[in-house]
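Let's walk through this model together, one group of contacts at a time. Please keep the viewer open as you read.

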Amino acid sequence: MRLDFDASIFSQNFLRRNARGDSPQLEISQRNSNNSITRKMNFSKLMEKELPRYPRKEVLPLSKTRVKPFDVESTLAEVTEARKCHARKYHGPDSVLYSAIYPIVSIMKALGLAPYDFTGDQLVPSNFYLLFSFVCMAIYSYCIRNVCIRFLAVKREKMILNVVETAKVLVNYLIAMYDLISVIFARKAFCRIWNALQDFDERLSQLGYPRKEVKTRIAAWVLLIVQIVVWTVINQSGMFAFNESWLFNMSYMCLYVTNASSVYKFFGMASFLGQRFHQLNQIARDNLPSRVGYKSTSVSRKTIQELHDELMVSGESLGSLYSWSLFFWLGNLSVHIISNLYLIIDWIIVTNAYSLPWPVIFNTSSWLSGYMGQLLALHLVCDYTITEANFMAVTLVEWDARVVERYPHKDTVRTTLHFLNRRLHFSAGGLFDVKLSLLCSIVGVMSTYLIILLEFPSTS
């Protein structure tokens with residue numbers, strides 16, 4: 001009975017709403033609209049109360065200059081951080097290494113010793129700069145002709161001077177021609193070595209060890225300035241001592257300058273390899289496993305071995321490329337040093353002290369300093385690069401010892417054995433290795449021959 005009564009009431013209310021045109025959805029929409037109007041009114045009242053607490057800022061017109069405060073310290077910090085984040089280039093003509101030695105490379109190109117150029121980021125043989133090599137060969141041939149004619153026409157007090165000076169010039173001419181010809185035919189091999197160095201620097205940068213080449217830039221400028229001073233002194237003292245014209249003296253010197261440039265070109269490439277071997281050795285020592293506890297390493301042993309193999313390939317290619325050149329340079333420099341020492345000592349012993357040819361002695365001593373500098377540079381750079389390259393085996397053996405000590409089940413010794421047998425060396429024509437011990441032998445042999453020459457007085 002109660003349920004029937006409630007149903008009748010609900011039906012009556014429903015019919016009444018329909019008669020008025022009302023519905024439940026309409027009531028809900030009206031209720032929501034009333035709530036939104038109430039919220040808007042409350043928000044407007046709140047804004048009217050809060051806005052007076054914040055004063056209105058005056059907006060400057062566009063025509064008026066707006067001054068921004070400048071903080072020196074913060075700006076300097078931002079610039080420094082931007083420089084740190086700036087990515088260095090390790091490929092192409094804008095690379096860090098090439099930019100450091102660019103003045104020397106320009107001189108090498110003018111002398112015909114660098115027939116290379118960049119195509120993109122890779123060094124490739126250049127036919128344009130190859131023309132410089134052929135032009136220099138023609139110039140040197142013309143110069144040696146004039147010098148030989150002049151030397152044969154000059155009558156010196158001692159016959160030995162005619163023979164020695166003519167032989168020295170001819171030997172220098174032959175070595176200069178050999179250097180130019182070898183540069184022409186070995187362009188691709190040299191480019192591969194340079195590109196390998198660029199790839200090595202790029203990979204080290206990715207591992208978090210970028211190269212800055214500040215020391216290389218300083219060393220390049222020091223070498224360039226020293227060589228300019230030495231050859232200028234030789235030129236001026238020679239003109240004064242022998243009463244020669246500038247043109248003839250330069251035609252006589254150009255062969256020696258070319259040979260010296262070839263020597264220092266090899267010196268630069270070998271020193272670049274030695275620097276990278278040294279950096280890789282430091283990275284390997286920094287990442288050695290700890291004897292006690294745990295130490296996280298950023299570079300794995302496998303990566304170090306791969307990088308070392310790449311450098312070894314470049315070093316072996318460079319040694320093979322300059323094998324016979326090293327033999328000719330060492331022989332030429334040794335003969336020139338002995339002859340100059342002999343002439344200086346002979347003048348001092350035989351000639352009266354009051355009539356010594358001091359200008360000639362000074363000029364000969366200047367030549368002697370140039371020869372000795374080249375000879376010392378060859379031995380130093382070869383010994384430095386060999387020492388750094390072969391030191392990696394010691395570091396990897398120490399790595400194995402630490403690993404086996406803590407983890408006896410790991411057998412990593414066999415992966416290091418080939419490093420003990422693979423040794424880098426720079427051979428002079430396959431006859432002997434160039435290193436500091438060889439310099440001691442050369443000095444001993446030169447001293448012996450010098451004493452033998454001094455025992456026999458020169459004849460007129």
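The side chain of Lys168 makes a polar contact with the side chain of Asn340, at 3.1 Å; a polar contact here is a pair of N or O atoms within 3.5 Å, where within protein one must be able to donate a hydrogen and the other to accept it, and residues adjacent in sequence count only if both atoms are side-chain atoms. You will find Lys168 in helix 7, residues 159–185 (helices are DSSP runs of H or I with at least four residues, strands are runs of E with at least two, and both are numbered from the N terminus). With a relative accessibility of 7%, Lys168 counts as buried; buried means under 20% relative accessible area, exposed means over 50%, and partly exposed is in between, using a 1.4 Å probe and protein chains only. Leaving aside residues up to four places away in sequence, Lys168 touches Tyr256, His336, Ser339 and Asn340, where contact means heavy atoms within 4.5 Å.

A word on the ground rules: this is a predicted model, in which local features need pLDDT of at least 70 and side-chain atom pairs count only at pLDDT 80 or more, while totals for chains, interfaces and linings use all residues. Residues are numbered from 1 along each chain as its sequence is written, and side-chain values use heavy atoms, with hydrogens and water left out.

Now to the charged pairs. How many salt bridges does a search of the whole structure find? The search finds 5, a salt bridge being a side-chain nitrogen of Lys or Arg within 4 Å of a carboxyl oxygen of Asp or Glu. One of them joins the side chains of Arg276 and Asp201, at 2.9 Å from N to O. This pair links distant parts of the chain, with Arg276 in helix 10 (residues 246–286) and Asp201 in helix 8 (residues 187–206), 75 residues apart. Arg276 is buried, with a relative accessible area of 0%, and Asp201 is buried too, at 3%.

Arg276 also meets Glu213 in a salt bridge, again side chain to side chain, at 2.9 Å from N to O. Because Arg276 lies in helix 10 and Glu213 in the loop between helix 8 and helix 9 (214–242), this pair ties together parts that are 63 residues apart in sequence. Glu213 is buried, as is Arg276.

Glu306 forms a salt bridge with Arg203, and their closest N and O atoms are 2.9 Å apart. Glu306 lies in helix 11 (residues 301–321) and Arg203 in helix 8, so the pair ties together parts that are 103 residues apart in sequence. Are these two partners buried or partly exposed? Glu306 is partly exposed at 31% relative accessibility, and Arg203 is partly exposed at 26%.

Next, look at the strands. Strand 1 (residues 116–119) and strand 2 (residues 122–125) run antiparallel and are joined by 4 bridges; two strands pair if DSSP finds at least two bridges between them. Thr119 has Gln122 in strand 2 as its bridge partner. The hairpin has 2 residues between the strands, and Gly120 takes a positive phi near 75° there. In strand 1, Tyr116 and Phe118 form the covered face, whereas Asp117 and Thr119 form the uncovered one. In a regular strand the side chains alternate between the two faces of the sheet.
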